[in-house]
Amino acid sequence: MRVGVLGLGVHVPAKIVTNSDLAEMMDTSDEWIRTRTGIEKRHIASKDERTSDMATIAAEKAIKDAGLTVEDIDLILVATATPDYMFPSTACLVQDKLGARNIGAMDISAACSGFIYGMITAKQFIETGAYRHVLVIGAEKFSEIVDWADRNTAVLFGDGAGAVVLGPVSEHKGIRSFELGADGSGGQHLRTDKKVKMNGREVYKFAVRQVPKTILHVIEQANVTIDDIHMIVPHQANIRIIKAAQEKLGIEDQRISVTVDRYSNTSAASIPLSLHHEVTTRRINDGDTLVLAGFGGGLTWASLVIRWGK
């Protein structure tokens, strides 16, 4: 059985904070942020808008896009580093807000790699026949945990959510290969101690080394070549990391998704947000072969090859 994406949905808060807005709050500038990160703006949730709220809206859109109802969903997985509470899980809150029956619901904590960790977890449940339709959500409210006095981290993050419904697809579509990885010895380089703490230099070195490596690995596993890949959709952490990976892989601009300028780093939400952007602008179409690649706190990485469509 092949497992693929049946529906896709996203949600971002209405409030947009530009680099110029941040320059009024801290010692920074639009040029400083853009040249170092590629970010131009980010969406910031209101005080009353929680991670579960954004996740629920994205989930509703994904279920509708799949042509299903909430009664068709068998399991809910939420990838997040910014849950509403330590417990109950954000997935349980989403289950309630969706009005879902008493199905399983749990959170996945793999930071910026979490969405792909969730997709691969869902894939296993579906392939074994335990479940038919699994809802996977990446949702973050990083604005609650960044130190707004630290310009090195505060300028990087934004809020949002993206969701997919995974289920059986035709034999020539769906997920073809994957890799999940972690190196806990580097965990201290990107962590939360009430607020986000990051050793930017070490995270950059890790990402530039690991992202091309994991992409090439899953391409080889899928028995395709880099020339067969229509588009790579990487985690949107920083334009310098994306461009460094692109250079190592030797691919053209049109074959790599870049949305960090409009959304900033939304952690577990960044890949589905980018995926949605490319699908709605018709840069990704039925039958295209894609690589999704995440990396982040843990330190973790995750990637997969998927042939788009049902």
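Residues are numbered from 1 along each chain as its sequence is written, and side-chain values rest on heavy atoms, with hydrogens and water left out. In this predicted model, local features require pLDDT of at least 70 and side-chain atom pairs count only at pLDDT 80 or more, whereas totals for chains, interfaces and linings use all residues.

The domain assignment of the protein chain gives domain 1 (2-169) and domain 2 (174-308), with bounds that come from an automatic or database domain assignment. The C-alpha centres of domain 1 and domain 2 lie 16 Å apart, and the contact between them takes 48 residues from domain 1 and 45 residues from domain 2, where contact means heavy atoms within 4.5 Å. The UniProt record, in an unreviewed entry, places the feature "domain: Beta-ketoacyl-[acyl-carrier-protein] synthase III N-terminal" at residues 106-184. Residues 106-184 are 23% helix and 39% strand, and the end C-alpha atoms of this span lie 22 Å apart; helices (H or I, at least four residues) and strands (E, at least two) are DSSP runs, numbered from the N terminus. A further UniProt annotation, "domain: Beta-ketoacyl-[acyl-carrier-protein] synthase III C-terminal", also from an unreviewed entry, covers residues 219-308. Over residues 219-308 the chain is 32% helix and 22% strand, with end C-alpha atoms 15 Å apart. UniProt positions are given in the numbering used here with shortened feature names, and such annotations may be inferred rather than shown by experiment.

The largest nonpolar core has 42 residues, and those with the most contacts inside this core are Val155, Val196, Ile215, Ile219, Ile232, Val291 and Phe295. A nonpolar core is here a set of buried Ala, Val, Leu, Ile, Met, Phe, Trp, Tyr and Cys residues joined through side-chain atoms within 4.5 Å, and buried means under 20% relative accessible area, exposed over 50%, and partly exposed in between (1.4 Å probe, protein chains only). The elements that give two or more residues to this core are α2 (30-37), α7 (200-221), α8, β12 and β13. Among these elements, α7 gives the most, with 7 residues. At least three residues of the core are drawn from each of domain 1 (2-169) and domain 2 (174-308). When residues up to four places away in sequence are not counted, Phe295 touches Cys112, Ser113, Phe206, Ala207, Val211, His235, Ala237, Ile241, Thr300 and Trp301. A second, separate core of 30 residues includes Ile126, Val134, Val164 and Met231.

Ile239 lies in helix α8 (residues 239-249) and is counted as buried because its relative accessible area is 17%. With neighbours within four places in sequence left aside, Ile239 is in contact with Thr37, Gly38, Val258 and Val260. Ile239 and Glu252 are 13 residues apart in sequence, and their C-alpha atoms are 15 Å apart in space.

The loop between β4 (75-79) and α4 (90-98) holds Pro88, and Thr80 is found in the loop between β4 and α4 as well. The peptide bond from Phe87 to Pro88 is cis, with omega near 5°. Thr80 counts as buried, at 5% relative accessibility, and a polar contact of 3.2 Å joins the side chains of Thr80 and Glu140. A polar contact is a pair of N or O atoms within 3.5 Å; within protein, one must be able to donate a hydrogen and the other to accept it, and residues adjacent in sequence count only if both atoms are side-chain atoms. Beyond neighbours within four places in sequence, the residues in contact with Thr80 include Thr51, Thr90, Asp107, Ile108, Ser109, Ala139, Glu140 and Ala268.

Further backbone features occur in other loops. The peptide bond from Gly298 to Leu299 is cis, with omega near -15°, and Leu299 is found in the loop between β12 (289-296) and β13 (300-307). Ala111, in the loop between β5 (104-108) and α5 (114-127), has a phi near 50°, a positive value in a residue other than glycine, and Ala111 is buried, with a relative accessible area of 17%. Arg282, in the loop between α10 (270-280) and β12, has a positive phi of about 65° although this residue is not a glycine; Arg282 is exposed, with a relative accessible area of 66%.

A search of the whole structure finds 0 disulfides, a disulfide being a pair of cysteine sulfur atoms within 2.5 Å. Cys92 is partly exposed, with a relative accessible area of 32%, whereas Cys112 is buried, with a relative accessible area of 7%.
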